[in-house]
Amino acid sequence: MAVCVAVIAKENYPLYIRSAPTENELKFHYMVHTSLDVVDEKISAMGKALVDQRELYLGLLYPTEDYKVYGYVTNSKVKFVMVVDSSNTALRDNEIRSMFRKLHNSYTDVMCNPFYNPGDRIQSSGSDAAEPGFPVITTWIPTCEKTTLPSWFPAYAQAFDSMVTSMMIQVC
Amino acid sequence: MLLGLKRHYKKRCQGRMRKHVGDLCLQAGMLQDSLVHYHMSVELLRSVNDFLWLGAALEGLCSASVICHYPGGTGGKTGARRFQGSSLPAEAANRHRPGAQEVLIDPGALTTNGINPDTSAEIGRAKNCLSPEDIIDKYKEAISYYSKYKNAGVIELEACVKAVRVLAIQKRSMDASEFLQNAVYINLRQLSEEEKIQRYSILSELYELIGFHRKSAFFKRVAAMQCVAPSISEPGWRACYKLLLETLPGYSLSLDPKDFSRGTHRGWAAVQMRLLHELVYASRRMGNPALSVRHLSFLLQTMLDFLSDQEKKDVTQSLENYTCKCPGTMELLTLPGGPTLPPVPFTKLPIVRRVKLLNLPASLRPQKMKSLLGQNVSTKSPFIYSPIIAHNRGEERNKKIDFQWVQGDVCEVQLMVYNPMPFELRVENMGLLTSGVDFESLPAALSLPAESGLYPVTLVGVPQTTGMITVNGYHTTVFGVFSDCLLDNLPGVKTSGSTVEVIPALPRLQISTSLPRSAHSLQPSSGDEISTNVSVQLYNGEAQQLVIQLENIGTEPLETLEVTSRLLTTKEKLYGDFLSWNLEETLAQFPLQPGKVATFVVNIKVKLDFSCQENLLQDLSDDGISVSGFPLCSPFRQVVRPRVESKPVNAPEGGKPGDPSHMKTLEAILNFKYSGGPGHAEGYYRNLSLGLHVEAEPSVFFTRVTTLPATSTRQCHLLLDIFNSTEHELTVSARGNEELILHAGECQRMAIQVDKFSFESFPESPGEKGQLANPKQLEEERQEARGLEIDSKLDVHWRIPSLKRTGEASVEGLLSQLVLEHLQLAPLQWDVLVDGQPCDCEAAACRVGDPVRLEVRLTNQSPRSVGPFALTVAPFQDHQNGVHNYDLHDAVSFVGSSTFYLDAVQPSGQSACLGALLFLYTGDFFLHIHFHQDSASKELPPSWFCLPSVHVRALDAQA
């Protein structure tokens, strides 16, 4: 099971980050943040490989005592980082790989949504599901009008969100 | 068995000895020898499983090889300095563990250039030196041996650190990170707090070395936290703060708010917020409240979007607590380390969406005199007008606005703001930041409701000098933090220019009038903005004085004043001057010093045509009296006969007097152009508009105007049907006539004897005017002029005794062409002279039996020649009962012919023909002189041939 799933933009800021034990969220923020060093290093190392031969799955970024951090990078340099409980030995590399592929597919769906601004946070604006402190700000909707957002607006993010939830629950 | 043990022991001793010798050689700079010794030592110790010493020997081998390969040293210059700087704790550690002394080769010593590559190094590299790959393998091996011993943690850590340094040189970051990862988990017991800090610092530094900035920042932060761990009796807040500052780049956080002004914030908000909170706390504990205020404002400004409502409340609460003691400023704060903290203006508290410089109110707006020609034509183009405007793209924010502010006047700038906070936001001391002109800003305090929508705020100030003023931004005090917000740094602010010209001071005029203010506001047309509206109700024909008090409420003397009036488009036909004034008396009081008052009088006169109201006309014009051109020889009579059916107008279809539908409104604008002071010298003036709303009620009007010829051809009777449409009794009087009393809604006929008018004497310039204006207009004009003259001659007045109001009644609108013709003195002027005396209305006396000379004289004033005419004189007697006796052959005889012939008369010519009559009896005779049908020109109007009827009284010869 994944305890934390994060989508990181090309410019290395989070597009989406969610962790299963919500009480110690900051810890996972730190963990994902520092794992980016390794991701960067790995990307620069394989930079010379041909594009079509490139492996998107980066593998284990680094292990800690309690968790394992896995990485995945798309061709457009969007990174997926997954933190997995290291006590869960049942998880094989292949399973991690397929989870990343699912995540990638869902992310592609989000990008296909015409109402999504590439580079904005992916969030379902349903008040309970939304990350606290991530207000809806888009370039074309002023903040003062955020209450007038149509109800269908966050649909893309909800699908993504539920997919992540399923990944977190799946193996538990 | 013992032998084996002995051999084993011997080998161990040899191995350890070799290792020791190797160390000494290395220390002595004999690189080649040390390599040899280390190799042998490794061989010996490997065979006896002396792992700790084997590890040490491998490490020695690595060290020697590293010196071979990288004679410049593994640590950077900064690293070397750091180690020397913190050598004290390292030495302390050595003291604790004497056994590890030989292993702990001070890396600082390695980095110094004391060990120079000599020739032996070259040989060593060729022979015993390990390859770079092998160095790492051997380090790994050594570390794995160390890890077998719990007490060797420090050594293991050292080995890791050294391996990382080597890997850093080899640019193998991933491998290095594995070593470091391992180093993190090395369990060191009994570490002092200082050592813990040092350990994390070094970890951070190593991560930095291999380019893992985020990891580096993470451990630096851990080190910083370690400085103030609760177990430490004297927490090092200063050191903590310093270390925290060093982590900023790792979290891609700069403390300059300008970096955050572009769009939405993108970063690790949760992590960055945590760091900022820690900075705030550390700086506060450091005893530097200014720093904590700065950091807290930064947190609030840049992370506002990420704070939850509760967090927003908490942050602002603590910010307010801090600023009680140390208000936030806009100064640069210098940190102990040398870098500076830029100020944090609260551009999001409140958020400004639009900045608009407001023009002065219409009455205070300066305007440029037209006389200064060519002022507006820019010097950029040689053409007076060119459709191509010299565009300056990209200067939109700084472009000049095409209105002016006036020195010494309150000028306004409107901001549209909103409050993003979930609670009421109190903004104090909000004012404008300007440049170019001395500007006295008048700060405002405002309170914005929680999460308000766009909220207009007007900031005001007074320019003290002249020139171009640029509004650069605004300043606020929010939560005790002063902010200077420059518009250039604000994203998403709409502004339509921020530069405006300030012109020299002008006086200010205030108007108060004798009339009540009006609730009516005139339709804003053609950009006129009216400052004051007054209204008055008048009866038609009434005149009223409007006294205007002009007060100079400015600081400059009022030097010039021009008054113009403009009647707002009305369909009503207006007769005479609606507004008239005499400016000289007012101007005599000029220049008007500040605070002084001048008066100005305007006469309002309403003359409208109310007669066109059809329902009234239908009612009243039913007794048709056709105007005949026949001279009635009735004596002068005044027809004041009450109408048979003088019914009050009570028609239900809205004919009621005083009904609004009967009222007509007139609206006019009085413009006061005034100027003075330095602004006048610059050619500016101000325009104050006074709206005048006049409700005109019908008073009396003439439902019908007819004429009756009088006995004299020079005069005629004008019959006026006068209708009183007011609700009051009124009296009407014409010149020389007695008053006529009219009850409400009553109609009466009034007859006035008037001299005929010779309209031709009017100043008419048919030549010029005829060409310019179309004939219809000309005719109208002419008719108006005639009407005016008739009015002035008639001078019909009405008076309402109950209201004590008087006015004039005018016939202008009613004058038909026919009536005018009758009123006009014919251009052919016929005079009949009896005995050489002109005979008109008076009876001429003559004696019976004496021949009476009769002369008919024609003066032609028309522009064409007329005639010839043949006239026949027919005497008759009027029996005063409607019977005219023409059968007078026995009583009157002609001397000569009874027919007169007149030759054609040239324009302005005169002609006369003579005859004589002989009256045989006494009596009153009338002579009817008429034209022969054939000779009278048909094309001339019949009124031109209107001869007076001659009244001759033949008297007894004796008498």
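User: Which residues form one aromatic cluster with Tyr30(A) in this structure?

Analyst: In this model, which is predicted, Tyr30(A) forms one aromatic cluster with Tyr200(B), Tyr207(B), Phe212(B), Phe218(B), Phe219(B) and Tyr251(B). The count over all chains comes to 19 aromatic pairs. Tyr207(B) and Phe212(B) form a stacked pair, with 6.1 Å from centre to centre and 15 degrees between the planes, and both of these residues are buried.

User: How many degrees separate the planes of Phe218(B) and Phe219(B), and how is that pair classed?

Analyst: Planes over 60 degrees apart count as edge-to-face. The planes of Phe218(B) and Phe219(B) stand at 90 degrees, with the ring centres 5.4 Å apart, so this pair is edge-to-face. As for accessibility, Phe218(B) is partly exposed at 23% relative accessibility, whereas Phe219(B), with a relative accessible area of 6%, is buried.

User: Which residue lies over the face of Tyr200(B)?

Analyst: Arg199(B) lies over the face of Tyr200(B), at 5.9 Å from the ring centre. A case that involves both chains is Lys215(B), which lies over the face of Tyr62(A) at 4.0 Å from the ring centre.

User: What does Ser204(B) touch, leaving aside residues up to four places away in sequence?

Analyst: Ser204(B), whose place is in helix 11 (residues 193-209) of chain B, touches Ser216(B), Phe219(B) and Lys220(B) when those sequence neighbours are not counted. Ser204(B) is buried, with a relative accessible area of 0%.

User: How should I read the area buried between chain A and chain B, and what is its value?

Analyst: The accessible area lost when the parts come together is often given as the size of an interface. Here the area buried between chain A and chain B is about 2,700 Å², and carbon and sulfur atoms give 64% of it. Within chain A, the residues that lose the most area to chain B are Tyr30(A), His33(A) and Asp37(A), together 26% of what that side buries. The contact takes 31 residues from chain A and 25 residues from chain B.

User: How many salt bridges and how many residue pairs in polar contact are found across this interface?

Analyst: Across the interface of chain A and chain B there are 2 salt bridges, and 9 residue pairs are in polar contact. The largest share of the side of chain A that touches chain B, 12 residues, comes from helix 1 of chain A. In one salt bridge, Asp40(A) meets Arg214(B), with the closest N and O atoms 3.3 Å apart.

User: How far apart in sequence are the parts that Arg686(B) and Asp409(B) tie together?

Analyst: The side chains of Arg686(B) and Asp409(B) meet in a salt bridge at 2.2 Å, N to O. Arg686(B) lies in strand 22 (residues 684-697) of chain B and Asp409(B) in the loop between strand 5 (400-406) and strand 6 (411-418), so the pair ties together parts that are 277 residues apart in sequence. Arg686(B) is buried at 0% relative accessible area, and Asp409(B), at 5%, also counts as buried. Salt bridges that share partners, moreover, join Asp37(A), Asp40(A) and Arg214(B) into one network.

User: By about how much of a helix are Asp23(B) and Lys19(B) separated?

Analyst: Asp23(B) and Lys19(B) are 4 residues apart in helix 1 (residues 2-28) of chain B, and are therefore separated by about one helical turn. Their salt bridge brings the closest N and O atoms to 2.5 Å, and both residues are buried.

Notes
Residues are numbered from 1 along each chain as its sequence is written. Chains are lettered from A and ligands numbered from 1 in the order in which they are written. This is a predicted model: local features need pLDDT of at least 70, side-chain atom pairs count only at pLDDT 80 or more; totals for chains, interfaces and linings use all residues. Side-chain values use heavy atoms; hydrogens and water are left out. Rings of Phe, Tyr and Trp (its six-membered ring) pair if their centres lie within 6.5 Å; planes under 30 degrees apart count as stacked, over 60 as edge-to-face and the rest as tilted. Buried means under 20% relative accessible area, exposed over 50%, partly exposed in between (1.4 Å probe, protein chains only). A charge sits over a ring if NZ of Lys or CZ of Arg is within 6 Å of the ring centre and within 35 degrees of the ring normal. Contact means heavy atoms within 4.5 Å. Buried area is the accessible area (1.4 Å probe) that two parts lose on being put together, summed over both. A salt bridge is a side-chain nitrogen of Lys or Arg within 4 Å of a carboxyl oxygen of Asp or Glu. A polar contact is a pair of N or O atoms within 3.5 Å; within protein, one must be able to donate a hydrogen and the other to accept it, and residues adjacent in sequence count only if both atoms are side-chain atoms. Helices (H or I, at least four residues) and strands (E, at least two) are DSSP runs, numbered from the N terminus.
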